[in-house]
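Hi,

Here is the structure I promised to send over.

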2 protein chains.
Amino acid sequence: MYKKLFIPGPTHVRDEVLAAQTAPMIGHRSKDYSDLQGAVRPKLQKVLYTEQPVFLYASSGTGLMEGSIRQTVLKRALVTVCGAFSARWYEVAVANGVPADSVEVEWGQGITPEIVDAALSKGDYDVLTVTFNETSTGVMNPLKDIAALVREKYPDTVILVDAVSGMAGAKIEFDAWGLDVVLASTQKCFALPPGLAVAAVSERALKRAEQVPNRGYYFDFLNMLKYYKKDQTPATPAVSLLYALNQQLDDILAEGLDNRWNRHIEMANVVREWARKYWALFPDERFLSNTVTTVKNTRGISVADLNKALGERGAMISNGYGSKLREKTFRIAHMGDLTVADVNWLLGQINDILGLE
Amino acid sequence: MYKKLFIPGPTHVRDEVLAAQTAPMIGHRSKDYSDLQGAVRPKLQKVLYTEQPVFLYASSGTGLMEGSIRQTVLKRALVTVCGAFSARWYEVAVANGVPADSVEVEWGQGITPEIVDAALSKGDYDVLTVTFNETSTGVMNPLKDIAALVREKYPDTVILVDAVSGMAGAKIEFDAWGLDVVLASTQKCFALPPGLAVAAVSERALKRAEQVPNRGYYFDFLNMLKYYKKDQTPATPAVSLLYALNQQLDDILAEGLDNRWNRHIEMANVVREWARKYWALFPDERFLSNTVTTVKNTRGISVADLNKALGERGAMISNGYGSKLREKTFRIAHMGDLTVADVNWLLGQINDILGLE
């Protein structure tokens, strides 16, 4: 039985989007391919409110995190940590010999401009990493405010943003906020099959990359830029996923960006209300995510059993992430192409299974 | 009009394989996903004649080349170069600060065990890179003989093989030949949409990786191995491409591996005969590729115009690769799911367009 995915990625993919993958194969150096990427380009720029390049990689978001931090750090990176995924930036830096420090808040808390200011003022950092939406704790960080602080007080610091579970589900104004790399994979709020990663990259990040030796090959922004100008990629792109992306971007823009952001907020509100009524919210109320809600398992149910029962009814949610949060929390994603009706249906099923009234 | 692809990747993808991508999305930490990867695993091992692990990455082959050379070189790599793609190993090494030397033969020539022996004996190398099938020149290197030499005289040297345009089109006996990393992307002889990379990895390569600091994150074999054991991947895999791979592996094994290798040789023989009759073969006859034939443009035709005319008839071949070979050669790929009938049809069209008899 097919389970509708209410997990924070991969998310439910509509049949029309799945079907878009089946267009006949084309050569990646052909005009047909350049036409495809050329069609995708301005639509992605709209979603990210940018006139700067948006690159496409055959990769998961993790690969692109690695590529980004390798090619932008000359001195030292400051990694802000508020959960398991934001901590990955630090692991990636260490695995690449990139000098980095981390500043961590309690899980469930968010990263504030004040925390960033205090940490940046203490060291000679040229890169800051921020996780827009921390998928483990359900925290959405105040990216706009953090960026405003950095642009004002640390203008040369390159801001790398993991927006994996936020991009295309919440507004990110790349140019206006002064961000440098905002990356995501497309199986989250884009509601596409996984395998494609996207990054908006600023002039400042490109200039930085020019100075970084041993910055790597596959994710190299400067090599990518050369091909980007002719609507191609250096390595063979994931053509069938690009077909799906092109279709989905049309649908996203037809929905309207503000409508899309609002739909995510509406879904989040429904889940939050329900969570406050029957359980408790795990994150601090100031940092609630618009795309995934982490719920405290205050009733001490078996989340695994709940998910099993949901599976028999055609749905799947996520257990808490990692040994720290598994069974102590559970997560309901409300992202991508899910609707308020979908979310209401899901919560009704959970209420029915658990006998909540 | 759809053009059947006789280019060395992406290759023609059959409708059944395109359709396999549209199965509903599943979570990558679910049993459903582990069942999928678990189904793929032994079939891939059969294709590569190995009992050692075969890893799957959301990436092009280039990314996996970078990952492989980063995590296996402690001392110095010897890169064997016989064309544009084998030279990429060297570029990748340099871009990562990995110490490397290259030994190059004239384009059209192959790499022999003697050349490898002479070069390895001169330096303190712990990695050798070989390009099984050089897509630019249409050369297939005697990988088995090279590996036999290395295993005998340089037993600790790790052999990295770019088999991008050869794997699943020509026999590679990973275990029997004593190879260490054999990588490919799946849009060539696997005849899948691009976006997926595959690597068989030996115990020797894994042991080496353990000793390499800063070996990177996304392609890290040791982290991959941990997840491989439960039929998962550390990062989100390209699920829809795995559906297609699973379908295609069933079809490959139903054809029979020997039948598949022989079909590629038969197609190659047809193209070679035709090339000898009307043109000349670019590579030395000792190193002709079974998957792509590079033809000398001895008639001084416009390859671009020929391809345009072919496009109107529903086919596409490749111009020569790069400034060195463009218009001086052209390439006909005979790989993946193409048949002898397809190839005969193509050559008939070319003869008709050019008035060859």
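Let me start with the aromatic residues: over all chains, the count comes to 20 aromatic pairs. The rule is that rings of Phe, Tyr and Trp (its six-membered ring) pair if their centres lie within 6.5 Å, and planes under 30 degrees apart count as stacked, over 60 as edge-to-face and the rest as tilted. B:Trp274 and B:Phe330 make an edge-to-face pair, because their ring centres are 6.3 Å apart and their planes meet at 70 degrees. This pair links distant parts of the chain, with B:Trp274 in helix H11 (residues 257–278) and B:Phe330 in strand E15 (residues 329–333) of chain B, 56 residues apart. Helices (H or I, at least four residues) and strands (E, at least two) are DSSP runs, numbered from the N terminus.

Before I go on, please note that this is a predicted model, in which local features need pLDDT of at least 70 and side-chain atom pairs count only at pLDDT 80 or more, while totals for chains, interfaces and linings use all residues. Residues are numbered from 1 along each chain as its sequence is written, chains are lettered from A and ligands numbered from 1 in the order in which they are written, and side-chain values use heavy atoms, with hydrogens and water left out.

Back to that pair: B:Trp274 is buried at 6% relative accessibility, and B:Phe330 is buried at 0%. Here buried means under 20% relative accessible area, exposed over 50%, and partly exposed in between (1.4 Å probe, protein chains only). In chain A, A:Trp274 and A:Phe330 belong to one aromatic cluster with A:Tyr278 and A:Trp279. The ring of A:Trp279 also has the charged end of A:Arg299 sitting over it, 5.7 Å from the ring centre. For that label, NZ of Lys or CZ of Arg must be within 6 Å of the ring centre and within 35 degrees of the ring normal.

Now to how the two chains relate. Chain B superposes on chain A by a rotation of 180 degrees with 0.0 Å of shift along its axis (RMSD 0.0 Å). That is the relation of a two-fold axis. Within chain B, B:Ser59 comes closest to the rotation axis, at 2.4 Å (C-alpha).

Finally, some backbone details. The peptide bond from B:Gly9 to B:Pro10 is cis, with omega near -10 degrees, and B:Pro10 lies in the loop between strand E1 (4–5) and helix H1 (15–20) of chain B. B:Ala191 has a positive phi, near 55 degrees, without being a glycine. B:Ala191 is buried, with a relative accessible area of 0%.

Best wishes

Terms used
Least-squares fit on C-alpha atoms with pLDDT ≥ 70 in both.
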